[in-house]
Structure formats: structure tokens, C-alpha cells
Amino acid sequence: MSNSFVDKKQVCYHCGDVCNQRVLFDEKLFCCDGCKAVYELLKDHELCNYYSPGEHPGVSPKLKNFSGRFDYLNDPLVSDKLLQFKSENLAIVVFDLPQMHCSSCVYLLEHLYKLNQGVAESRTDFLKKTITIHFNPAQTGLRELVELLATLGYEPLLNLRDLDSRPQAKSFNKRVYRIAVAGFCFANIMLLSFPEYFHINHFGDASMQRVFSWLNLLLAMPVLLFSGSEFFITAWQGIRAKVLNIDFGLALSITITFSRSVYEIVSGTGAGYLDSMSGIIFFMLIGRYFQDKTHYNLQFDRNYKSFFPISVLIRKPDGSESSVALPQLKVGDTMVIHSQELIPADSKCLDEGAMIDYSFVTGESTPIRIHKGEIIYAGGKQTGPIIACEMLRDVSQSYLTDLWNKDTFKLERNREESFVQKLGRNFTFFLLLLSVGSFFYWLPVDSARGINALTTVLIVACPCALLLSATFTQGAMMRIFSKAKAYLRNARILDSIASVDHIVLDKTGTLTNQVQSVHFNGTELNEHELTLIFSLARQSHHPLSRGLADKLSFCSPQSVQLFNEIPGKGITGVVNGYTIRMGSHAWIAGSTDYQGTQSAVYVELNGKLLGYFEFRKQLRTGIREVIAKLKKKYTVSVLSGDNDSERSELESIFGKDVEMNFFQSPHQKLEYVKSLQNKGHKVLMIGDGLNDSGALQQSDAGISITDDVNNFSPACDAILEGREFEKLPSMIRLAQVSKRIIQMSFVISLLYNMVGLSFAVQGALSPVVAAILMPLSSITIILFTTGLSWIAYHLLFRNAAISTVVRA
Amino acid sequence: MSAIYVLIGVSIPIAAAFLIAFLWSAKSGQYDDDYTPSLRMLRDDEVKQDQTDNQTEKS
């Protein structure tokens with residue numbers, strides 16, 4: 001964030017970053033050639049409106065040179081799968097562009113037709129972060145489009161899963177039609193019932209009342225048949241599955257109301273209760289619409305394919321390189337893997353210098369040094385320089401996908417009935433008892449009154465009250481959780497989270513974040529020695545050297561002579577007359593039977609071994625308080641795929657009474673959760689990697705922690721942003737509060753019901769009373785639940801928010 | 001009071017026509033994305049040759 005004191009001239013005109021190297025063009029300053037190139041492009045096509053507001057909306061293109069990188073898109077097998085539609089003159093493609101962040105992005109992306117003649121139209125959806133491009137396949141192709149987008153800084157996010165046909169996301173909720181029809185009819189029925197309410201029939205025309213009643217009947221038909229159909233369908237599905245769900249009570253109530261009204265109107269004995277019936281359908285549909293909020297740009301159902309990249313760089317026998325789509329790879333192909341790229345298939349390492357980070361796959365937190373000729377498994381990330389490797393097994397047959405496809409990972413999540421369902425069912429039974437009871441009570445005295453009581457009890461006191469409480473509370477809670485950067489898959493998760501009693505945490509990536517911390521083991525280093533080490537380290541591009549240089553950047557760099565970097569071993573040089581060597585244990589200390597961490601950087605000064613630097617992932621901020629709070633109410637345990645070198649550090653935070661298991665395989669994690677559940681516990685699992693997938697599936701509620709929501713996160717019920725980890729106890733508390741709110745509002749609705757029931761059991765419920773009670777109780781419930789949810793949010797999270805501001 | 005029959009007989013069809021208009025406009029898809037238009041309108045399209053481009057493009 002630039003503040004006003006920063007000299008505006010020092011900031012890149014395109015992307016707003018501070019300029020380390022100054023690139024001047026057209027009297028404007030840019031931070032790199034990439035930004036300058038984008039500016040040139042926009043200027044040539046008169047798209048400089050992009051820069052209008054004076055801000056720097058540009059996204060810095062990270063790659064200046066795309067040669068060959070998108071070649072795989074020329075392959076028709078690949079491009080056909082990516083296209084939504086293809087004909088001779090028109091093709092439609094949808095890309096995910098997570099870099100979209102402002103109105104300038106929308107402007108530029110919708111003017112792509114100016115930059116590429118083949119584009120007919122491009123339309124963005126900002127909330128979903130997608131762009132839909134209509135183009136002429138005869139004039140341009142997918143590769144040109146992707147290259148154009150990448151040049152502008154908006155490289156599409158493509159992974160292996162996109163090669164499966166993309167599901168057409170239904171963005172528009174059909175329920176809106178039903179709500180519109182129900183609302184229209186409800187309002188008109190009430191209006192036409194006014195004479196009935198106020199007994200304005202002294203104008204003599206008894207036929208007027210009859211006309212109005214028939215009109216009401218006519219208006220009620222679409223409500224019953226069209227708007228209310230979803231309740232009947234769900235109720236029927238429940239009956240077929242031999243379960244009486246809450247929609248059954250609702251469907252029963254609607255049916256009875258309608259039948260009773262039809263009888264009254266046709267026989268001319270009364271006006272019916274059609275206003276209550278259409279009103280309740282209207283309010284219920286609004287509640288359901290409100291509750292079913294979806295997070296469009298997040299995917300909660302991931303399989304291993306969304307983890308892998310869509311293409312890989314291949315080195316052909318003649319030495320040239322081109323990119324090929326992953327499914328087209330054959331065993332024996334030579335893959336070229338750059339730094340920070342994923343290994344897509346089990347392969348044999350052909351170069352030295354492979355440092356593979358398996359943290360996502362196995363949970364090991366430090367990268368492993370792989371030597372030439374050894375196997376690298378799919379899913380690992382290369383943290384060293386460029387290496388080549390030879391593919392040994394197909395992607396779908398790698399160790400990783402084998403793990404994934406084991407039956408244990410494809411569990412059907414069987415959820416227990418939520419407490420709302422149980423409560424609703426009990427309530428329906430009670431009502432049925434009450435209505436039948438009052439029927440038999442009145443039968444000997446006045447059978448007409450008996451029938452009256454039978455039906456009106458069910459009309460006035462349907463389980464709608466409970467349903468409304470649940471839908472509006474859950475709808476409000478979904479939005480509140482999103483605001484707190486926890487994205488729930490659906491509202492039913494709230495109940496699961498509220499009822500857990502045991503919390504299981506993964507270590508790597510969940511308790512730790514991406515930031516590295518560096519420790520030195522050995523003889524104490526003085527400032528002079530640190531300066532020497534810093535000067536040497538900054539000469540190399542190796543990630544470990546860079547990490548070291550970053551931490552020591554307070555030193556003033558000296559010049560280095562005779563610098564030499566040996567891949568897979570280390571670096572050496574002469575600084576101020578001192579000879580320094582830094583690198584792997586094998587190279588510096590010479591012994592081959594080394595048991596310690598692989599990413600240790602040993603330091604030797606003038607032939608004397610000083611010690612080694614160790615890189616560790618930092619624990620997330622606030623973790624002590626979080627664990628302390630959680631331990632008060634829940635049993636906590638830690639499962640890690642990593643080694644137990646950090647056990648003592650974790651014990652100081654968790655306490656010695658917390659169970660910690662290390663070296664856990666993904667299968668072992670799942671078994672652990674299962675064994676807890678067999679003992680009757682409800683388990684909440686928090687993890688982040690593929691090695692947690694099984695456990696996340698098996699647990700009663702699974703939360704996936706991520707530092708970048710666009711990255712892969714395994715199949716889970718909720719996604720929590722890593723920065724918000726401190727809010728975890730508040731979130732669990734909020735889920736429990738939502739249960740309380742539902743119960744409280746149900747009690748309120750019971751009070752309304754009692755008033756109505758007191759009329760109904762006497763057989764004296766008039767349409768007017770029903771028509772007043774129903775919207776009154778509905779609106780009260782809506783206001784109560786929504787208001788109380790937001791108050792709970794402010795009370796629970798406001799304190800946390802203040803403390804983060806203070807700390808910042 | 002027969003006037004009321006006429007009134008109701010006319011007003012309900014008119015109201016129904018509005019309902020149909022709403023349903024039809026919702027079906028056309030313009031409400032699918034209700035956020036992006038708010039960003040789109042922050043930019044003016046350039047005048048002159050851009051206008052003719054827009055007219056042919058929006059067909």
C-alpha cells in the first residue's frame with residue numbers, strides 16, 4: 001500500500017510496484033520490460049483508458065517470454081476439451097482469471113476484440129473471476145488467446161481437471177421464478193380477501209364474495225402446483241426413503257389447507273385459508289433462496305486432477321523444447337521442470353540439484369535432496385533449479401493417484417440427521433396428535449367443529465416456523481462466515497461443526513505457514529562472518545541461498561571473487577581474502593551416512609567447519625492462544641506426516657497431555673479419525689494437503705486451510721484462509737450460537753402458535769386470524785434470526801478484529 | 001358496485017402482464033451477474049470509431 005509520502009515517480013506506472021530497475025518509456029516509469037510491453041500494447045490500440053483513475057491497475061506479467069509454453073493448446077484434442085462450444089465460425093471458451101481485481105481489469109478484458117481481430121466478444125463475470133470469450137476459430141486459436149491474456153498479466157488458471165468437460169454452472173436460481181409467482185399471487189389473494197376480513201359484505205352482493213373466492217382459488221393454483229412443488233417433491237422423496245423429513249410436515253399442512261379451502265369455496269360455506277397457504281409458501285421459498293448461497297469461485301469438491309498442471313515442458317531428442325498436455329505424455333519422455341513447478345508423474349531424475357518439497361503430499365516439511373538416477377514421485381514440487389527427468393509411469397498410475405483412488409478416499413459422507421430435522425419431525429407428530437385429539441374431543445358434541453379443529457390446527461401451526469428459523473439463521477450465518485474468510489460448502493455444515501468434541505490438526509501447512517525461519521547450529525557467528533556469508537549467498541539463485549540472503553540482508557555486501565556454484569553440492573567463493581564454502585553436508589563434511597535434515601546449509605570458513613543453517617517453516621501467528629482456547633472445551637490431537645524433530649517445540653505450545661503422532665501416512669490419518677469416531681467422538685479435522693484428504697473426508701466436519709484460495713485444497717466442508725487461523729475458536733463458537741438462535745426463534749414462533757392454536761382447538765379459527773398471524777410470525781422470525789446472527793458476529797469477532805489491528 | 005368487477009377484471013390481467021414481463025426478463029439472463037455491470041459502467045466507451053465498433057459487436 002503506497003502512502004502519500006512515497007514519491008509517486010518511483011512507482012511503476014503500470015502495476016504500481018516499487019521500481020528496482022528503472023525502465024523509461026513515453027515519459028513514464030516502469031518496473032520491468034513486461035509492464036512496459038503491456039503499456040505499449042495498450043497505447044497502440046488506444047486502450048489507455050485502462051489507466052484512467054490515476055491508480056496503477058496493471059498486473060505485472062511474470063513471464064516475459066512464453067515461447068513454447070502454450071503450444072499444447074494447438075493440439076485439437078486438448079482445445080476441443082477446453083471449449084464450451086465449437087462450430088465453423090464460432091467457438092466459446094471460459095477461462096478462470098483470478099488476477100481480476102478492479103474495474104480496469106473488466107474494461108481491458110472486455111475490449112480484447114481490439115487486440116485480437118478474431119475475438120468477437122469477451123464478457124467477464126467479476127464475482128466468479130471468469131471470462132467468456134466468443135471467437136472465430138478460423139481466425140485465431142486458443143493458444144493466441146492465452147498468450148494475449150498472459151501478456152496482459154492475466155494468465156488463465158488451467159489445471160488437469162479442465163480437460164474433463166467443464167460442468168456448466170447453473171448460475172441462475174430457478175427459485176426466483178417460483179418466488180415471483182408466489183409473491184404475486186399471495187399479494188393479490190390477500191387484497192381480494194379484504195372484504196372478508198373486514199366483513200364488508202353489506203353491499204348486498206353475496207355473489208361478490210363468491211366471485212372473489214373463486215378468483216382466490218384460481219390464483220392459488222399456480223402457487224400450489226408451481227411454487228410449492230419443491231416441498232412436495234422433497235417430501236415424496238423422503239417417504240420413498242422411509243424417512244419423514246421436515247418437508248413432509250410442510251407438505252401435509254399445505255395439502256390440508258388447500259383441501260379445506262377448496263371445500264369451503266366450492267360448497268359456498270366460507271372463504272378458505274388460501275392467503276395463509278400462499279403466504280407460507282412465499283416466505284419459505286425466500287428463506288430457502290437466502291440460505292442456498294454458493295461460493296462460485298471456490299470448489300469444495302476436488303480430485304487429484306485439479307492439483308496437477310495441464311501441461312509440461314518436454315525436451316525432444318533433438319534438444320528442442322515444447323509444451324505438451326499431460327495426458328499426451330508417454331513413458332520415456334524427458335520432462336523439464338523449473339523451480340517451483342510440480343512433478344506431474346513418477347519419474348527418474350536426470351540432473352543433480354533436485355530438491356523436492358513433498359509437503360503437500362506427505363506432510364514432510366523440509367525438501368528432500370534427490371540424486372541423479374533416483375525416483376521422484378508425482379506431486380512433489382521442485383525447489384531447486386531447472387532439472388530434467390524421465391517419465392516412468394503414467395500420471396494416472398503414479399503413486400499419488402493410486403493413493404487417491406483407494407476406496408477409502410471415495411467415502412460417501414453420511415451425515416447424521418441435523419437437529420432441525422429431528423425437531424421438525426417431533427413437532428409434526430405433536431401437531432398430528434393435537435389435531436386428532438381435538439377432533440375426537442369435539443366429535444360427540446359438535447362434529448362440524450371437530451372437523452374444523454382437525455384441519456385448522458394443522459393450518460395455523462405448521463412446522464414452517466421451525467423451517468423459517470433454520471433457513472434464515474443458516475443463510476445469515478453463511479454470509480457471516482464468508483465475511484470472516486471461512487467459506488462453508490453449505491449450511492448443513494454448521495450443525496456438524498457445532499456438535500464436534502474432538503479436534504485433529506495436521507502440522508505441515510496447517511499449523512505452519514509458508515514463511516521460513518532460519519536457525520544456525522554451531523559456533524556462534526560474529527557480524528563479520530555473517531557479512532561474508534551474506535555476500536556469498538546473494539551470488540546464487542538457489543532458493544536456499546536466497547532464503548539465507550533475505551534473512552541476512554541487514555549486512556553490507558562485500559565483493560566476491562572466484563565464485564563458483566556446483567549444482568547439487570553448493571557454492572564457493574573468496575570474500576575479503578576469506579575462502580568460504582556453503583552447501584550440502586556430503587560436500588562440506590564429506591561423510592555419506594547423514595541422518596539430519598536435507599535442507600541444512602553447512603558453512604566452512606577457511607577450511608574450518610562452523611556449523612549449519614537450518615530452515616524451518618514458521619508456526620502461524622497466535623497459535624498459542626488458539627490452542628489454549630480450544631483445549632478448554634475440546635480434546636485436541638496432532639497428526640503429522642513429518643518427522644518428530646519439532647516435537648518438543650510443539651509440546652511447549654500444546655502441552656504434554658496432547659496426543660501427537662508423527663510419520664503418519666495418509667491412510668494412517670484416516671484410520672485415526674475413524675477410530676475416534678468408533679469410540680463415539682465427533683471429529684473436526686483441519687488439514688491442508690493431499691495427505692489429509694482421507695481424514696478430511698472421514699471426519700464429521702473437515703476444514704481445509706489455505707494461503708491462496710485459488711490453489712488446490714482437498715475435498716472438504718469448509719475452506720479457511722490461513723491468515724484467519726486465529727479466528728478458529730470464535731468460528732466454532734459461532735456455529736454453536738447459530739444452533740441456539742434457531743432454538744430461541746423456534747420458541748418465539750411457538751408463542752405465536754399457541755395464540756393461534758388456542759383458537760384452532762376451539763374450532764373458532766377464522767381466516768382473518770390465520771392471515772394476520774402467519775406473516776406477523778414469519779417477519780418476526782426473519783428479523784430476529786438475522787439480527788441476532790449479526791449481533792453474535794460482532795460480539796464474537798469484534799474483539800479479535802481489534803487485537804489484529806493493534807498488532808499490525 | 002358492479003364497477004368493482006370491471007376494475008378487478010382489468011387490473012388482474014395487467015398485473016399478470018407485469019409478472020410475465022418480470023419472468024421473461026429474468027429468463028433472459030440479465031440478472032445472472034448482478035455485480036459486474038457496476039464495474040463495467042465506470043468506464044466510458046470512447047466516442048468516434050469506437051461507437052460503430054460497439055454497434056456491430058453487440059449484435
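**Exercise 1. The second largest cavity**

*Solution.* Residues are numbered from 1 along each chain as its sequence is written, chains are lettered from A and ligands numbered from 1 in the order in which they are written, and side-chain values use heavy atoms, with hydrogens and water left out.

Then list the lining, which consists of A:Phe481, A:Ala486, A:Leu488, A:Ile497, A:Ile703, A:Ala718, A:Leu720, A:Leu728, A:Met731 and A:Ile732. Two or more of the lining residues come from each of β16 (486-488), β28 (718-721) and α23 (728-761) of chain A, and α23(A) has the largest share, three residues. Helices (H or I, at least four residues) and strands (E, at least two) are DSSP runs, numbered from the N terminus.

Finally, classify: Ala, Val, Leu, Ile, Met, Phe, Trp, Tyr, Cys and Pro count as nonpolar, Asp, Glu, Lys and Arg as charged, and the others, Gly among them, as polar. The lining of the second largest cavity therefore has ten nonpolar residues, no polar and no charged ones.

**Exercise 2. Residues in loops**

Describe the setting of A:Thr510, and state whether it is buried or exposed.

*Solution.* A:Thr510 sits in the loop between β17 (502-506) and β18 (512-522) of chain A. Its relative accessible area is 0%, so A:Thr510 is buried, where buried means under 20% relative accessible area, exposed over 50%, and partly exposed in between (1.4 Å probe, protein chains only).

For its neighbours, take contact to mean heavy atoms within 4.5 Å. Leaving aside residues up to four places away in sequence, A:Thr510 touches A:Arg620, A:Ile686, A:Gly687, A:Asp688, A:Ile705 and A:Phe725. Its side chain also makes a polar contact with the side chain of A:Asp506 (3.1 Å); such a contact is a pair of N or O atoms within 3.5 Å, and within protein one must be able to donate a hydrogen and the other to accept it, while residues adjacent in sequence count only if both atoms are side-chain atoms.

**Exercise 3. Positive phi**

Where do A:Glu27 and A:Gln340 lie, and what is the phi of each?

*Solution.* Most residues other than glycine have a negative phi. A:Glu27, in the loop between β1 (23-25) and β2 (28-30) of chain A, has a positive phi near 65 degrees, and A:Glu27 is exposed at a relative accessible area of 82%. A:Gln340, in the loop between β9 (334-337) and β10 (347-349) of chain A, has a positive phi near 70 degrees and is partly exposed, at 47%.

**Exercise 4. Confidence**

In which element of each chain is confidence lowest?

*Solution.* Here pLDDT is the predictor's confidence in each residue, from 0 to 100. Chain A has a mean pLDDT of 83, with 92% of its residues at 70 or more; confidence there is lowest in helix α11 (residues 399-405), at a mean of 74, and highest in strand β6 (residues 130-135), at 94. Over residues 802-808 of chain A the pLDDT is below 50, and beyond near neighbours in sequence this stretch has two contacts in the model.

Chain B averages 78, and 76% of its residues score at least 70; confidence there is lowest in helix α3 (residues 49-57), at a mean of 47, and highest in helix α1 (residues 2-27), at 91. Over residues 48-59 of chain B the pLDDT is below 50, with ten contacts beyond near neighbours in sequence. Where pLDDT is low, the predicted coordinates should not be read in detail. For the complex, the predictor gives an ipTM of 0.79 and a pTM of 0.79.

Conventions:
This is a predicted model: local features need pLDDT of at least 70, side-chain atom pairs count only at pLDDT 80 or more; totals for chains, interfaces and linings use all residues. On a 1 Å grid over the protein atoms alone, a cavity is a set of points where a 1.4 Å probe fits but cannot get out, and a pocket is an open set with protein on both sides within 12 Å along at least five of seven lines; lining residues have an atom within 4 Å of a point.
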